[in-house]
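This briefing sets out the packing, the sheet and a pocket of one protein. Please keep the structure in view while reading.

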Amino acid sequence: MEFKSYADLEADVISLMPRLPRDLDLVVAIPRSGLVPASMIALHMNVPITDLKGLYEGRMLASGHRTLRRGAVADRPLNVLIVDDSVGSGEQLREIRAELARRALPHRIQVAVIYATPVGAPMVDFYSKQVPTLRHFFAWNVMHHNAIGSWCVDIDGVLCRDCTVAEDDEGDRYAEFLQKVEPLFLPTSKVGWLVTGRLERHRAATEAWLERHNVTYDALVMNPARTNAERKANGGGGAFKGAFYRTVDAGLFIESSEWEADQIARLTGKAVLCMDTRAMVRPKPLAVLAKVARKGPRGYLNYARRLVEIIREQARNT
């Protein structure tokens with residue numbers, strides 16, 4: 001599983017820059033995921049930027065007071081670079097190319113993406129890095145990825161902010177927090193498992209908050225401890241979450257705390273995305289082998305096969 005953060009995106013845009021044409025007149029973003037990398041490229045090259053609709057209508061986005069190297073979109077042929085964050089199956093790109101052909105624009109148009117799957121790479125003129133077809137996702141779409149239906153997701157620090165020390169009084173202040181805490185990163189699709197360190201006795205308040213903010217899920221898994229002290233004595237939130245993550249066929253666990261993310265990965269041998277650091281926490285080899293051992297001989301075969309895939313993917317990106 002490969003995760004790309006905003007820091008990765010910036011670095012990979014920079015690595016792509018030397019291969020891009022230097023005579024561009026216009027950068028065109030494919031909304032919405034292409035807006036950020038397209039803006040980076042346009043700023044670095046100091047050329048105008050627009051979106052697809054702007055290209056079709058002959059206008060560019062406002063550029064402030066910066067003096068640009070080229071003029072606005074005009075009837076004369078321009079050197080245009082269309083930019084998206086990634087190409088997967090290429091279905092959207094085929095639709096865009098068909099629309100461009102239908103409109104018969106006079107421009108010289110090329111397409112760049114930052115991340116391309118093996119299937120999508122031949123469909124673009126430029127790309128920075130190759131990513132696995134089914135096992136990649138990005139910081140800007142992780143909470144809206146359709147695979148979230150098979151993931152475990154924490155609540156505090158992910159869906160909403162963490163409570164403060166003062167609010168965590170097991171009394172009225174915590175009850176108010178559960179009812180009124182503001183949302184943080186809300187998912188678009190149904191979540192597989194919401195796995196939280198909140199105590200089971202707070203289920204009604206938690207379910208009410210989730211319903212109020214239109215968060216849907218298959219299961220809400222809460223800590224069975226009766227008090228915060230009992231939860232801590234049982235190993236804390238990380239131990240509880242890790243124990244559950246081990247029992248389900250979930251592709252990922254999205255956790256807020258860096259410390260708990262490391263603990264969950266260590267206990268399960270499975271990947272954890274830490275929202276506090278915006279980084280993937282990968283289990284150490286011994287933890288992975290322990291996970292494989294639990295699956296028997298077939299697990300070892302799958303593990304070896306995946307290692308070969310990783311080595312090949314890394315070779316393609318170097």
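In this predicted model, Leu273 touches a set of residues that lie beyond its neighbours within four places in sequence: Phe3, Phe137, Val142, Leu252, Phe253, Ile254, Glu255, Ala279 and Met280. Leu273 is also one of the residues with the most contacts inside the largest nonpolar core, together with Ile41, Val153, Leu159, Leu194 and Ile254. That core has 53 residues, and helix α2 (residues 35-45) gives the most to it, with 5 residues. Another core, of 17 residues, lies apart from it and includes Leu26, Leu55, Val87 and Leu100.

**Overall composition**

- The secondary structure of the protein consists of 11 helices and 13 strands.
- Of the 318 residues in the protein, 47% are buried.
- When contacts between residues at least 6 apart in sequence are considered, 61% of them join residues at least 24 apart.

**Helix α2 and its surroundings**

- The buried residues in α2 are Pro37, Ala38, Met40, Ile41, Ala42 and Met45; Ile41 is also among the residues with the most contacts inside the largest nonpolar core.
- The packing partners of the buried residues of α2 are the helix α1 (6-16) and the strands β2 (26-29), β3 (49-51), β4 (79-87) and β5 (108-116).
- Asn46 follows α2 and has a positive phi, near 60°.

**The open sheet**

- An open sheet is formed by 5 strands, in the order β3-β2-β4-β5-β6, with parallel pairing.
- The edge positions belong to β3 and β6 (126-130); each has a single partner strand, so one side of each has no neighbour in the sheet.
- On average, and with direction ignored, neighbouring strands of this sheet are turned by 25° against each other.
- Strand β4 is mostly covered, as 9 of its 9 residues are buried.
- Between β2 and β4, which run parallel, there are 4 bridges; Val28 has Ile82 of β4 as its bridge partner.
- Between β4 and β5, also parallel, there are 8 bridges; Leu81 has Gln110 of β5 as its bridge partner.
- Between β5 and β6, likewise parallel, there are 4 bridges; Ala112 has Phe126 of β6 as its bridge partner.

**The second largest pocket**

- The second largest pocket holds about 840 Å³ of space.
- It is lined by 29 residues, of which Ser33, Asp85, Ser86, Phe138 and Asn141 are the closest to its centre.
- Two or more lining residues come from each of the elements α1, β4, α4 (91-103), β5 and β7 (136-138).

Note on methods
Residues numbered from 1 in each chain as written. Predicted model: local features only at pLDDT ≥ 70, side-chain atom pairs only at ≥ 80, totals over all residues. Heavy atoms only, no water. Core = buried A, V, L, I, M, F, W, Y, C linked by side-chain atoms within 4.5 Å. Buried < 20%, exposed > 50% of the residue type's maximum accessible area, 1.4 Å probe, protein only. Contact = heavy atoms within 4.5 Å. Pairing = 2+ DSSP bridges. Axes fitted to C-alpha atoms, helices over the stretch in contact; angles between N-to-C directions. 1 Å grid on protein atoms, 1.4 Å probe; cavity = no way out; pocket = protein on both sides within 12 Å on 5 of 7 lines; lining within 4 Å. Points joined across faces, edges and corners; volume = space filled by probe spheres on them.
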